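Please look through the structure below before reading on.

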Amino acid sequence: MTTIEKTGAEPSARVEDNGGPLLEVRDLHVEFHTRDGIARAVNGVNYSVSAGETLAVLGESGSGKSVTAQAIMGILDMPPGKIPQGQILFRGEDMLTMAPEERRKIRGRRIAMIFQDALSALNPVLSVGYQLGEMFRVHQGLSKKDAKAKAVELMDRVRIPAAKERVNDYPHQFSGGMRQRIMIAMALALEPDLIIADEPTTALDVTVQAQVMDLLAELQREYNMGLILITHDLGVVADVADKIAVMYAGRIVETAPVHELYKRPAHPYTKGLLDSIPRLDHKGQELYAIKGLPPNLLKIPTGCAFNPRCPKAQDICTTEVPPLVQVTEEDGTELPGRGSACHFWKETIHG
């Protein structure tokens, strides 16, 4: 679960029958060895997700969101990637210590992933029905005929019109929104316990985004799945997430229940992300933007990695890495599930 100093825990949420989380990521580190040096993409990430729960992982490109997901799925390119330390516990078992064959049994069957670029993820020379049916042929030993029937059922389930007639069509014959529905169908094929959705609405227009997110939320409730939603768009997660983990330079810098984070951010980076969202009551005003660029992962700044861009930065921010600490009210009352990795979180949330 998310490590928060002083309390060491986050509040209980919806959990599976055994009372524990589906997935726990503990002190995960991922680095890439390149000719220019070591790029430290993930630096001690801790989070958890339970059955029926949605965790949204937010941050700019390069913050380590997708690399963490790839490490969970076991699809990192190694080399150059390397996991020097950490644990990835699925139902209490560390997947990093499993034999490759055991991990393959989990991938796809019990943990599935929806990729952000459906056109690249789908094979362009195979029909969508063949690709959907492959899950059943490989994992359940179904015949081609029965697998195709299952593919039609899945396409109907994710509301692709005329599924029976379109099951033999190829990916390029579908719109972007329909291809994303096919990716969702593929992830759902074996009714996994957990789905990781990596930017599932990228490049889709706002109306289609809403449809895809509504579909994901509906299917999650139906199957009581855990969902990790990776995105850089705060607007996408407002109505679907239970809790949020904000990442910057490979670390989690803030955790909070979704609505609490929107009302009172406790980290300057989160506040900057929220301030950059267009608002109807600011019509005609210039949009806010966080100054500067995300850090080079080969040369992450000392101290707090956000300090070169932070309006609250002081000398301590350049020398000491702030731990993720329990956030409290001004009277010291702990705020459940809230953590911030900022030396001046009090000034941010109470200022």
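Two strands pair if DSSP finds at least two bridges between them; strands (E, at least two residues) and helices (H or I, at least four) are DSSP runs, numbered from the N terminus. This is a predicted model, in which local features need pLDDT of at least 70, side-chain atom pairs count only at pLDDT 80 or more, and totals for chains, interfaces and linings use all residues. Residues are numbered from 1 along each chain as its sequence is written, and side-chain values use heavy atoms, without hydrogens and water.

Strand 3 (residues 54–58) runs parallel to strand 9, with 4 bridges between them. Leucine 58 has valine 246 of strand 9 as its bridge partner. Strand 9 is also joined by 6 bridges to strand 10 (residues 251–257), in the antiparallel sense. Here alanine 245 is opposite threonine 255 of strand 10. The hairpin of strands 9 and 10 has 2 residues between the strands, and alanine 249 in this hairpin has a positive phi near 50°.

In a regular strand, side chains alternate between the two faces of the sheet. On one side of strand 9, Lys243, Ala245 and Met247 are buried, and on the other Ile244, Val246 and Tyr248 are buried too (buried means under 20% relative accessible area, with a 1.4 Å probe and protein chains only). Because 6 of the 6 residues of strand 9 (residues 243–248) are buried, the strand is largely enclosed by the rest of the structure.

Definitions and conventions: Buried means under 20% relative accessible area, exposed over 50%, partly exposed in between (1.4 Å probe, protein chains only).
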